[in-house]
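Colleague: I am new to this structure and would like to learn how to read it. Please take me through it one feature at a time.

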Amino acid sequence: MITKLKKPAIHWPSAWIKRARAAAVGLTAAVLIGMICSYLNPKTGVLLAILLLLVTPALLLARSDSRWLVPYIIAVWAFTPAIRRIYEWVYLEYNSVSLLSILPLLVTLTLVLPMLGKPLEFSPLLKGFLLCMAVALGYGFLVGGLKNGVSGLFDLANYAVPLLIIPYEAVRRSNIEERKLWIGSFVNIAILAAAYGIVQFFVVPEWDAFWMNEVDMFSNGQPVPYEIRVFSTLNSPGPAAIFLSTALLAMLMNKSWRGFAGWLGVGIVTFGLILTLVRASWVTMVLALFLFILLEQGRKRWSLMGAILLAGIFMYSVLTVVPGGENLLNRFSTLGNLESDYSYNDRMQFVWKIVPMLADQPFGTGLGSVGVGTKLENDGRLGQFGNFDNGFLALFLTFGIVGGLAFARAVWLLVRLLRPMRQERDPREAKYTLLAFSVLLAAIAYLIFENRLVGLGGFVVWLFAAIGLPKSTQSLNGKGMP
C-alpha cells in the first residue's frame, strides 16, 4: 500500500497578508472610484480624485497609528489652499465655496481612529477644558444651527475638529522623540511655505494672480511682483503669518527645532513673514519670546536673546533693501503714534460699533454668523460679520454671555494645565510645555486683532498645546495638579 505524503502547509507571514489585504482594498477602491468618476463630468471627477488621494494616506496612517499622521495633517492644512488655487486656475473657474475647503477637516477627523478602543483617561484640568469647550460649542450650535443652516455646521466643524489633536495626544501619550518630530515637521513645512512665499513675492505664479483677481480681496495687494502681500500656500496673509510666526517662535526658542535648514531656515521664514506685512503676528510673537525669556533660566536665556538679536538684525537689513520693505517699517513706526495709525483707528471704530450689538444680543448670534462660514448661506459672499477685526468680540457675539464665558473658562483651564511653574514636571518635558504655554498666550493676545482659535489658527494653537501636555498629569488621579 502506497501512502501519499501530504504537502507541508505554507504559512505566510502576517505582514504579507496585511499588505495583500491592503493592496486588494486599494485596488478595489481604485476600480470603484474610476467607475464613479466615469459617470461624472471631468472637473468633478478630478475634484473627487484629489479629495480621495489626500484623505486616503491619512486613513492608512491613522489605521496603523503612525507617528507620521500628525505631520501629514499639518502638511494638508498648509498646502491645500495652494492645491485649490491650481485646480481652479487649470479650469479657469473660481468658486467661492469649494469641497477642497473641507479637506483639512476631513483629514484631521482621522485622529479619531487611533483613539477608538483606548481608555479616555484625562486629568481634571484637561477634562474640564474639554467639557467647557463642549458646552460652548454645543450652545453656539444650538443658537445658530437652525438659524444659520449649513454655515453653523461648517463653523462647528472649524472649531471642534482641530480640537481633536488634544484628546488624541492625551490618549496616545507620545514620547519626546515623537513630539520633536511633530515640531520639526511643522518647522520644515513652514520653511517650504516661506520659500514659496518669497517666490510668490518676486514672480507671482499665474494661479495666485488668477485667484487674487477673482476673489477681489484688496488687502492682498496687487497681483504683480513687489506689490503683493504674500500669502504663500495659505489663502490670505493672516493665516500665512500665523503659521510662519509660530514656526519662527519655535526656531528661535531652541536650536534643535530649526529644521533641516538651520539658520538658513530661520532667515527664510523671517523673510517670508516680513512679506506678509502682518504686524499682529510680529507683535504677539515678540510678546511670546519676551515671556519665554522671563521663564527660561541659565545660559539658555542668553543664547535665546542672542538668537533674537540676530533675527532682528536680519529683519531690519532685509526691510531696508527689499522692494516694499519700507511699507512694513512705516506700519511699525505708527505703533508709537496710534492716533495717526489708520488700522488702529479703524479697529477702534469697529469695536464701538459692535459693543452695542453685544448688549442687544446677550444670547449670541450662534455658530455660522461670524467669519468665513457666512459664505455658505450668502451666495458665496461674506455675510455681515464675515470680516471681524476683534477676536474677543467675535467669540462673545457668536457664543453670547453663557457660551463666551464657557469658552473663556476652557482656555483658562488649558493655561493652568500648561503653566511651566510646576517643580515636579519632567525636565525633558519642560521646553515643550514652555513652548506650548508661549504659543497659547500669544494666541490669546492675538484675539485683540482677530479670532485665532478657529480653523487653521485653532489647529496650530491646539497642536502646540497637545505637544506641551504634561505627561505626568494625564492620569485620572490628578497628581501634580495645581
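Modeller: Start with a term: a residue is buried under 20% relative accessible area, exposed over 50%, and partly exposed in between. With a relative accessible area of 25%, Asp65 is therefore partly exposed. Keep in mind that this is a predicted model.

Colleague: What does Asp65 form with Lys118?

Modeller: The general idea is that side chains of opposite charge can pair when their charged atoms come close. Here Asp65 and Lys118 form a salt bridge, with their closest N and O atoms 3.0 Å apart. Asp65 sits in the loop between helices H2 and H3, and Lys118 in the loop between H5 and H6, so the pair ties together parts that are 53 residues apart in sequence. Lys118 has a relative accessible area of 33%, so this residue counts as partly exposed.

Colleague: How many salt bridges does the structure hold?

Modeller: The structure holds 5. One of them joins Glu178 and Arg172, with 3.1 Å between the closest N and O atoms. Both Glu178 and Arg172 are buried. Asp65, Lys118, Arg172 and Glu178 are linked in a network of salt bridges.

Colleague: How far apart in helix H3 are Arg84 and Glu88?

Modeller: An α-helix has 3.6 residues a turn, so residues three or four places apart point the same way. Arg84 and Glu88 are 4 residues apart in helix H3, which means a separation of about one helical turn. Their side chains meet in a salt bridge of 3.2 Å, N to O. Arg84 and Glu88 are both buried.

Colleague: Where does Ser174 lie, and what does its side chain contact?

Modeller: Ser174 is in the loop between helix H8 and helix H9. The relative accessible area of Ser174 is 3%, and because buried means under 20%, this residue is buried. Its side chain makes a polar contact of 2.7 Å with the side chain of Glu169, and another of 2.8 Å joins the side chains of Ser174 and Arg172. Leaving out residues up to four places away in sequence, Ser174 touches Glu169, Arg179, Trp182 and Lys471.

Colleague: Is H9 mostly covered or mostly uncovered, and what packs against it?

Modeller: H9 is mostly covered, with 19 of its 27 residues buried. The buried residues of helix H10 pack against H3 and H9. Among those H10 residues are Phe210, Trp211 and Met212.

Colleague: Which residues have the most contacts inside the largest nonpolar core?

Modeller: In soluble globular proteins, nonpolar side chains tend to be buried together. The largest nonpolar core here has 132 residues, and Phe129, Ile166 and Trp462 have the most contacts inside it. Setting aside neighbours within four places in sequence, Ile166 is in contact with residues including Leu126, Phe129, Leu414 and Trp462.

Colleague: What does the secondary structure of the whole chain come to?

Modeller: The protein chain has 19 helices and 0 strands. Of its 482 residues, 50% are buried.

Methods: Residues numbered from 1 in each chain as written. Predicted model: local features only at pLDDT ≥ 70, side-chain atom pairs only at ≥ 80, totals over all residues. Heavy atoms only, no water. Core = buried A, V, L, I, M, F, W, Y, C linked by side-chain atoms within 4.5 Å. Buried < 20%, exposed > 50% of the residue type's maximum accessible area, 1.4 Å probe, protein only. Contact = heavy atoms within 4.5 Å. Helix = DSSP H or I, 4+ residues; strand = E, 2+ residues; numbered from the N terminus. Polar contact = N/O pair within 3.5 Å; in protein donor to acceptor, adjacent residues only side chain to side chain. Salt bridge = Lys/Arg side-chain N within 4 Å of Asp/Glu carboxyl O.
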